[in-house]
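Subject: Structure handover

Hello,

Here is the structure you asked to look at. Please open it beside this email and follow along as you read.

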Amino acid sequence: MSANGAPAGAAGNGAAGGPGDFRLDVRDLEIRSGRHGPAVVSGVSFAVRPGELLGLVGESGSGKTTVALALLGYTRRGLSVSGGEVCLDGVDLLRLPPGELRQARGAKVSYVPQDPAAALNPALRVGYQLREALRVHPGIGYATEARILGVMREASLDATPDMLRRYPHQLSGGQQQRVGLAMAFACRPSLIVLDEPTTGLDVSTQRHILDTVRSLCRGYGVAAVYVSHDLAVVSELVADVAVMYAGRIVEAGPAAMLFPKPLHPYTRGLLASVPAPESARRLAGIPGQQPSPGHRGPGCAFAPRCDFALDECQVHEPEQVVLAGRTVRCWRVAQVAASVTERPVLAPAATVPPGPPALALRGVSASYGSVPVLSGIDLDVPSQACVAVVGESGSGKTTLARCIIGLHQGWTGEMTFQGARLAQGARHRPKEVLKRIQCVFQNPYTSLNPRKTIGQIVAEPLHRFLGLSGRPQAERVVGALDDVSLGAGFLSRYPDQLSGGERQRVAIARALVVEPDLLVCDEVTSALDVSVQAVIVELLRTVQAQRHLAMIFITHNLALVPSVAQVAVVLRQGAIVEAGPAERVLAHPSSAYTARLMADVPRLAKAAPPP
Amino acid sequence: MQDAADPAQAAPAQPGAERIRRHQWLAVLGQAVRTPRGGTGLGLVSFVVAIAVIGPFVAPHSPDALLTVPFAKPSGSFPFGSDFLGRDVLSRVLGGGWLLLLMAVAATVIGIAVGTAAGVSAAYLRGRTDGLIMRTVDVILAFPQLVFALLLLSILGAKLWLIVLAVGLTHAPAVARVLRSATLDISERDYVKVAELQGMRPAAVMAREILPGLSTPLMVEAGLRLTYSIIVMAGLAFLGFGQAPPAANWGTMINENRAGLALNPWAVIIPAMVIALLTIGTNILTDAIGRVALGVDRRPEEAVLVDDLSPAEGRVA
């Protein structure tokens with residue numbers, strides 16, 4: 001056990017050398033906005049042994065990246081460390097003079113950022129950047145050709161001179177992240193901080209990167225802190241977990257104990273939000289929103305969203321207690337432990353209602369210029385069912401959506417919507433057809449005009465398609481907002497006052513307000529936290545079932561499919577690999593590709609710790 | 001405790017804040033003038049504008065009256081001496097600004113309007129329209145601005161409205177370029193796609209969905225073009241394209257009085273200084289606006305909150 005609340009004896013050692021068996025020992029870390037502003041992170045303590053990984057998980061805004069950066073003695077602009085220590089091999093990084101801190105970064109503690117494409121210099125060859133990582137710390141490694149090739153082999157990169165001569169844009173996303181890993185491990189650091197290094201990578205690539213990380217840490221006795229919002233990934237990878245909420249660690253302990261039986265209501269909520277590819281479970285999200293720094297009350301920050309909360313939770317900050325092999329910050333931990341939560345299983349709705357399909361595609365091929373993206377797609381969307389289109393990045397799934405809604409014109413073949421042929425571009429389609437096919441886009445941060453109120457945004461299609469204005473318009477807008485559980489209070493707000501999940505609900509309300517027959521959802525949850533993703537997916541599922549909509553749910557996340565769709569279609573390099581009832585496709589895939597995708601989907605470890 | 005799902009909290013806090021929210025440029029401007037840089041710029045601009053606007057009413061003498069010997073040294077009744085015809089320099093400086101300013105503003109408005117229309121439609125409509133507009137822009141940009149304006153004026157004659165039009169039109173290409181690249185970014189946003197899918201006509205999409213998002217680049221451009229307008233206007237006046245001779249004009253004054261630089265340097269220094277203060281002021285203010293808009297000069301706590309509230313933006317593949 002090496003997480004929060006390290007043994008009291010260890011804490012007494014101070015800066016003199018730290019406990020021998022911990023590589024990294026963080027104590028009472030507190031980071032404020034400005035010198036005296038509100039605390040962004042407070043009371044964060046954890047420790048990591050050599051060769052072990054600690055997972056730091058939480059929703060966006062929980063402070064996990066802020067903590068991760070503090071491990072390198074770095075704070076973002078406007079933040080400052082106001083207390084605590086970060087001891088690496090017994091040396092407090094936060095009190096090192098700037099020169100020594102610079103020496104330590106890269107050599108003793110290194111960082112793997114989230115977006116490898118942005119972290120590598122696009123103008124320099126890969127070989128140069130790897131060599132540079134070694135050259136900065138001449139005492140540690142020699143930047144000989146052989147050494148660099150060795151570093152690349154460690155990260156499972158092709159150790160060829162040809163690879164060294166390439167530029168970052170000539171590598172795939174996975175290879176770029178391997179270069180990032182190679183640079184981070186090159187100087188044999190004591191600690192590696194990985195900040196969501198596999199977000200944005202395909203599942204198979206992600207699996208390989210995770211395997212590499214695990215074996216490198218083991219092999220060289222490196223302690224690692226793995227920051228992620230993806231609990232499934234973390235549960236497969238790490239020995240210990242610390243769950244962060246609103247700048248505090250609310251629960252921490254060995255992964256093998258914490259994941260099967262979470263004791264903090266927030267951890268429970270997070271785990272219930274994680275979709276599982278095997279079962280059509282109803283996803284339970286966490287309602288509400290995390291308070292931002294400066295808006296946290298005196299009591300437990302999670303209390304407003306908590307089912308277990310009592311009045312005292314709002315007033316007094318919970319003490320940290322050690323229970324069942326972990327530390328928890330919750331007043332109601334005993335009640336939580338006693339209660340049992342079983343996620344309700346959806347009634348199997350695998351049978352697709354009979355009748356003519358709402359949308360039929362025959363031999364649809366599309367290209368961008370001379371680059372073919374889709375080839376010969378045949379697809380039937382039943383009039384009252386949800387079809388999930390699954391594929392890795394570059395499989396053409398978003399292009400398919402754009403062809404259907406009329407944003408991409410370069411396609412051939414035939415599309416029939418409710419018996420009538422669809423014109424290629426939206427401009428050539430009659431208004432009635434535009435009204436019946438509505439869509440929700442991937443990124444809620446760009447799909448709402450920041451200069452319009454929510455009321456204006458939702459009213460626009462009513463005005464355009466139905467010519468409604470005045471009272472009837474206002475009533476339907478409020479009705480639509482109610483349907484996505486936002487309510488009339490949001491009418492006069494602007495998108496930047498809303499969280500990502502709320503924005504996505506507005507986008508859904510905008511699509512549903514004109515009562516379409518077909519709803520196209522393009523990766524609608526990929527920009528959202530898991531807890532919010534669960535709420536949105538559940539919302540879409542109920543809406544689809546209640547209104548008997550035809551729906552196309554496009555996603556890269558196989559695990560979401562059974563929770564929302566009755567039919568699954570797997571897309572690979574622009575062609576359909578497999579199609580059929582969702583349960584059959586996922587449980588008994590007929591193609592090797594689908595089987596491999598299923599095998600690579602990260603799953604919550606149920607009982608056993610990672611091997 | 002903040003809970004955004006609570007509708008009770010959703011009501012706008014106060015009408016003033018709501019107004020600023022709707023007109024984002026007001027918020028940016030407000031923040032800009034509160035930075036030291038923006039405050040200085042605004043101070044300089046207000047000072048010169050005050051001279052130009054109040055000046056004619058407080059001038060001690062008539063700007064056109066011949067009162068003393070040419071190039072008289074400063075004295076009690078003529079604080080900055082007299083010009084080449086023996087007119088009071090102070091009175092001419094006080095009276096010679098408002099028309100110059102007005103013309104500069106008018107030229108800026110024309111330049112911004114034409115340039116924005118060209119840039120936004122080039123970026124949004126793409127294809128042949130884009131090519132046609134931007135190649136025209138390239139051709140116009142190949143001439144130096146002053147030369148181009150001079151060319152127009154010498155062909156068509158030096159009328160005041162023509163000066164304004166010439167200067168305004170020479171601004172348009174540069175404005176078009178900046179606005180085109182800003183529009184290229186915005187027109188890829190999904191809310192523009194949504195508007196297209198609602199069957200909105202291109203002109204409406206540009207006016208209602210795209211234009212409101214361009215307020216910050218527009219402000220920066222307007223400030224920059226105003227600075228250039230003043231410089232070009234003053235330059236044209238120096239070269240003889242301005243108001244007819246007896247009228248006072250800061251640019252003309254520099255030209256008229258440079259012969260007597262050794263006798264009464266103030267007759268040149270004062271108008272030159274006023275022009276310099278004005279252009280420096282507009283420049284600094286524009287710079288402050290640009291910095292606030294880019295987030296360079298945002299107060300640290302605001303920067304943090306912004307980062308924390310929209311963290312998912314970067315995560316989208």
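Predicted model: local features only at pLDDT ≥ 70, side-chain atom pairs only at ≥ 80, totals over all residues.

Residues are numbered from 1 along each chain as its sequence is written, chains are lettered from A and ligands numbered from 1 in the order in which they are written.

Chain A: domains

Chain A is divided into domain 1 (8–108 + 189–338), domain 2 (118–186) and domain 3 (357–600). The bounds of a domain come from an automatic or database domain assignment. Taken over C-alpha atoms, the centres of domain 2 and domain 3 of chain A are separated by 40 Å.

Chain A: a hairpin

Helices (H or I, at least four residues) and strands (E, at least two) are DSSP runs, numbered from the N terminus. β1(A) and β2(A) form a hairpin with five residues between them. The two strands run antiparallel and are joined by six bridges; two strands count as paired if DSSP finds at least two bridges between them. A:Arg32 stands opposite A:Ala39 in β2(A).

How many of the ten residues of β2(A) are buried? Eight are, and the strand is mostly covered. Here a residue is buried if 20 or more other C-beta atoms lie within 10 Å of its own, exposed if 12 or fewer, and partly exposed in between, with C-beta atoms placed from the backbone.

A:Gly34 lies in the loop between β1 (24–33) and β2 (39–48) of chain A. In the turn, A:Gly34 has a positive phi of about 70 degrees. A:Gly34 is partly exposed, because 14 other C-beta atoms lie within 10 Å.

Chain A: an open sheet

Strands of a sheet pair through backbone hydrogen bonds, either parallel or antiparallel. In chain A, four strands form an open sheet in the order β14-β13-β16-β17, and the pairing is antiparallel. β14 (371–382) and β17 (420–421) stand at the edges with a single partner strand each, so one side of each has no neighbour in the sheet. Two bridges join β16 (residues 411–417) to β17(A). A:Thr416 has A:Arg421 as its bridge partner in β17(A).

A:Pro353 is found in the loop between α14 (333–338) and β13 (357–368) of chain A. Is A:Pro353 buried or exposed? A:Pro353 is exposed, because 11 other C-beta atoms lie within 10 Å. Leaving aside neighbours within four places in sequence, A:Pro353 is in contact with A:Pro382, A:Gln384 and A:Ala385; a contact means that the C-beta atoms of two residues, placed from the backbone, lie within 7 Å. A:Pro353 and A:Gln320 are 33 residues apart along the chain, and their C-alpha atoms are separated by 53 Å.

A:Ser485 has a positive phi near 50 degrees, although the residue is not glycine. A:Ser485 sits in the loop between α18 (470–483) and α19 (500–512) of chain A.

A:Gln573 has a positive phi of about 45 degrees and is not a glycine either. Its place is in the loop between β21 (567–572) and β22 (575–581) of chain A. A:Gln573 is partly exposed, with 15 other C-beta atoms within 10 Å.

Chain B

The secondary structure of chain B comes to 14 helices and zero strands. Of the 317 residues in chain B, 45% are buried.

The domain assignment gives domain 1 (25–97 + 248–303) and domain 2 (98–242) of chain B. Their C-alpha centres lie 26 Å apart. Where the domains touch, 24 residues of domain 1 of chain B are in contact with 20 residues of domain 2 of chain B. On the domain 1 side, α13(B) gives the most, with ten residues. The residues of that side divide into 13 nonpolar, eleven polar and no charged. Ala, Val, Leu, Ile, Met, Phe, Trp, Tyr, Cys and Pro count as nonpolar, Asp, Glu, Lys and Arg as charged, and the others, Gly among them, as polar.

Regards
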